[in-house]
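Student: I have a protein model open beside its sequence, and I would like to learn how to read it feature by feature. Could you take me through it slowly?

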Amino acid sequence: MMWLAATVTSTVPPESTQQALGYPSLFLLVLFGALVPVIPTGALVSSAAVVAFHQTAPFALAMVFVTASLAAFLGDAALYWLGRRGMKSKNGSRWLEAIRSRAPEERLAQAQRKLAEHNISVLVLSRLVPAGRIPVMLACLMAKWPLRRFSRGNLPACLAWAATYQVIGILGGSLFEEPWEGVVAAVALTVLVGATPGIWRRIRRTTTA
């Protein structure tokens, strides 16, 4: 998080320093965020895209895309592998319990129905919908998908996810001259996108009641 904090100051570090610290930091944070879904990884990718947008290096944005999508893919694969181990164990595992705790029964049932109807394509949408990744992952675990099958569907999902949040960052970076202003705009937009589905569900429950 120190790298991201540096981007919101008026004095931006040299590009060589940003690249030396930024890409490894982004990779580790997105990887850890995939395993422990409490880090706003979408905001991280958008912020990194803003900084890359303002750099003169020709492949800065491409590096952000590759770093974010690879970290997300490896993190998801590791979490799914740990979940499969928990499913096979008589006593389960703390990783499996963590996945289950973040997948309410209603969302899990919905994910299972969509997985049965649309198969692998559901994985792509689950990565793009806020809080949709874990219920679909648990549905795949309960359907006893092997890791290889899950990974085949999860690869395009991670690529689409990284591209989406990178576009948000590019839009934020293009609106402002200073990188820190673009970071603030990108983070605000990312938070708004993430909060919208939850607000919509509350409105529907209130209307139904």
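Tutor: Let us begin with a term that we shall need throughout: a residue is called buried when its relative accessible area is under 20%, exposed when it is over 50%, and partly exposed in between, with a 1.4 Å probe and only protein chains taken into account. Arg-148, for example, counts as exposed because its relative accessibility is 67%, and this residue is found in helix α9. Please keep in mind that this is a predicted model, in which local features need pLDDT of at least 70 and side-chain atom pairs count only at pLDDT 80 or more, while totals for chains, interfaces and linings use all residues. Residues are numbered from 1 along each chain as its sequence is written, and side-chain values use heavy atoms, with hydrogens and water left out.

Student: How many helices and how many strands are there in the protein?

Tutor: Helices and strands are DSSP runs numbered from the N terminus, where a helix is a run of H or I with at least four residues and a strand is a run of E with at least two. By that rule the protein has 10 helices and zero strands. Of its 209 residues, 40% count as buried.

Student: What share of the contacts in the protein with a separation of 6 or more comes from residues 24 or more positions apart?

Tutor: A contact means heavy atoms within 4.5 Å. Among the contacts with a separation of 6 or more, 77% are made by residues 24 or more positions apart.

Student: How should I read the length of a helix, and how many residues of α3 are buried?

Tutor: The expected span of a helix is 1.5 Å times one less than its number of residues. Helix α3 has 13 residues and reaches 18 Å from its first C-alpha to its last, close to the 18 Å expected. This helix is mostly covered, with 12 of its 13 residues buried.

Student: Where do the buried residues of α6 fall when seen down its axis?

Tutor: The buried residues of α6 are Arg-107, Leu-108, Ala-111 and Leu-115. To describe where they point, one takes the arc of the directions from the helix axis to the C-beta atoms. Here the buried residues fall within an arc of 95°, so they line one face of the helix. The face turned away from that buried side carries the exposed residues Glu-105, Glu-106, Ala-116 and Glu-117.

Student: What should I look for in the backbone angle phi?

Tutor: Most residues other than glycine have a negative phi. Lys-144, however, has a positive phi of about 60° although it is not a glycine. Lys-144 lies in the loop between α8 and α9, and it counts as exposed at 67% relative accessibility. Asn-119, which follows α6, also has a positive phi, near 60°.

Student: How many aromatic pairs does the structure hold, and how do I tell their kinds apart?

Tutor: Rings of Phe, Tyr and Trp (its six-membered ring) pair if their centres lie within 6.5 Å, and planes under 30 degrees apart count as stacked, over 60 as edge-to-face and the rest as tilted. The structure holds two such pairs. In one of them, the rings of Tyr-80 and Phe-150 have centres 4.1 Å apart and planes at 0°, so the pair is stacked. Tyr-80 lies in α4 and Phe-150 in α9, so the pair ties together parts that are 70 residues apart in sequence. Both Tyr-80 and Phe-150 are buried.

Student: Which charged residues sit over rings?

Tutor: A charge sits over a ring if NZ of Lys or CZ of Arg is within 6 Å of the ring centre and within 35 degrees of the ring normal. Arg-127 lies over the face of Trp-161, at 4.7 Å from the ring centre, and the charged end of Arg-149 sits over the ring of Trp-145, 4.1 Å from its centre.
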